[in-house]
Amino acid sequence: MSTFGTPARSSNLPDFPELPGTPARQWLTLTGRRTVLVVAHTVTYVKRLLDVVTLLESDFRVQVVFTVPPHELSDGTVRYLRGSGGAVLPWEEATRTSFDLAVAAGPRAMDRVRARVVLLPHGACFLKRFAAAAGSPVFGLRREDLLPGGRPPAAVVLAHEDDRAALARSCPEALPVAHVVGDPAHDRILASLPRRDAYRRALGLHAGRRLIAVTSTWGPESSFARFETLLPRLVHELRDDLHRVVVLVHPNVWSGHGARQVRAWLASWTERGVGVVPPDMDWRPVLCAADLIVGDHGSVTLYGTLTEAPILLTGTADDETNPDSPAAELALLAPALSPFHPLTGQFAYAAAEYRRPAYESVAARITSEPGRFHRNMRALLYRLLGLGQPAHAPLGGPLPVPDASLIWPSADREVPA
């Protein structure tokens with residue numbers, strides 16, 4: 001067995017048979033640790049899971065390793081993990097090794113993992129469904145999403161108490177292992193909002209300059225599918241020194257089409273001053289710095305309700321939106337971008353009509369455990385590992401300032417008029 005892996009230590013752990021041919025890693029300095037496998041299918045999942053990894057990796061009793069299973073949107077995931085300094089096991093090696101715990105933000109191939117499994121959602125709430133037909137399944141709440149190999153995992157992590165009712169309807173077998181823990185992105189954004197001025201300074205936003213954040217999920221109904229007409233409008237109608245535009249594109253767009261292709265599609269607009277948040281960069285500080293959000297039905301737009309930035313929606317996506325989700329509520333609240341009226345007038349309208357209590361009501365549906373994800377999640381993980389928690393508060397404070405040179409690589413050049 002690889003020395004990254006450990007045999008089961010209690011009767012509560014699965015009884016996995018030993019498999020032949022498992023490579024040895026005799027070079028490890030610290031052995032006998034509890035081992036946690038982080039199964040990172042995509043860059044999107046990695047970003048979610050790193051908030052969990054920070055709760056464990058500083059503990060000398062725990063060794064955290066990563067693996068990337070086959071996935072059609074996994075492009076760039078191994079590179080991202082290795083860039084962060086993570087120990088990445090080849091998938092086939094990981095499936096031959098027993099671990100004390102495995103954490104994932106998606107169910108794909110988790111029945112092959114030899115460990116107790118913790119499943120988390122990879123975005124805000126459960127926003128998307130397959131089709132508009134009544135009773136169509138919601139991503140993350142299907143039986144195949146919650147019962148890898150047909151069996152309940154060790155834990156299913158939920159963000160809100162209301163998710164229990166949805167789980168009871170879609171997969172009641174998962175209810176006994178469901179834990180309402182909270183939402184890490186929600187908590188990090190709220191902790192970071194007091195640093196908004198620092199983020200704005202790091203992004204080169206002087207007093208009076210407004211940052212327009214254009215957010216996009218992935219798929220045919222996303223903002224990105226409208227960029228060919230939306231970005232020219234933003235560039236041509238905001239030809240002044242008072243506005244700066246930055247786009248936050250879902251990592252699945254980069255993985256699905258290829259980073260080279262995405263950058264080529266956006267090149268004409270980046271040359272004219274539009275900033276692009278790279279897929280391996282944390283988008284949350286940029287969202288905190290925004291003065292206005294132009295977005296779709298994805299998670300990032302929904303997280304924008306935590307800020308005080310007015311929101312304009314790029315269109316409706318009724319076919320993809322879970323009608324019981326806060327994204328559906330936001331679609332009724334936020335004004336929709338019009339192709340017929342000047343943008344500056346629409347931005348002014350959105351600001352004039354903005355009512356903070358109404359957006360706070362939508363934001364409250366993201367989690368029923370605000371500010372408590374890191375505390376709750378660490379308690380759950382250590383209980384499953386059979387270890388006492390470290391005698392200090394878990395990490396989960398403000399986010400670091402963003403690197404503007406990664407968003408505007410040509411910021412030192414004059415932006416064409």
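**Fold overview**

Modeller: The chain has 17 helices and 12 strands; these are DSSP runs, H or I of at least four residues for helices and E of at least two for strands, numbered from the N terminus. It's a predicted model, where local features need pLDDT of at least 70 and side-chain atom pairs count only at pLDDT 80 or more, while totals for chains, interfaces and linings use all residues. Residues are numbered from 1 along each chain as its sequence is written, and side-chain values use heavy atoms, with hydrogens and water left out.

Biologist: Which strands stand at the edges of the open sheet of 5 strands?

Modeller: The order is β10-β9-β8-β11-β12, with parallel pairing; two strands pair if DSSP finds at least two bridges between them. Each edge strand has a single partner, so one of its sides is left without a neighbour in the sheet. Those strands are β10 (275-277) and β12.

Biologist: And in β10, what is the bridge partner of Leu248?

Modeller: Strand β9 (residues 243-249) runs parallel to β10, and 3 bridges join them. In β10, Leu248 is bridged to Val277.

Biologist: Where do the buried residues of α14 pack?

Modeller: Buried means under 20% relative accessible area, exposed over 50%, partly exposed in between, with a 1.4 Å probe and protein chains only. In α14 (residues 343-353), the buried ones are Leu343, Gln346, Phe347 and Ala350. They cover an arc of only 100° around the axis, using the directions from the helix axis to the C-beta atoms, which puts them on the same side of α14. They pack against β8 (210-216), α8 (227-237), β11 (292-295) and β12 (311-313).

Biologist: Is Val88 buried or exposed?

Modeller: Val88 is found in strand β3 (residues 88-89). Leaving aside neighbours within four places in sequence, Val88 is in contact (heavy atoms within 4.5 Å) with Phe66, Val78, Leu81 and Arg82. Its relative accessibility is 16%, so Val88 counts as buried.
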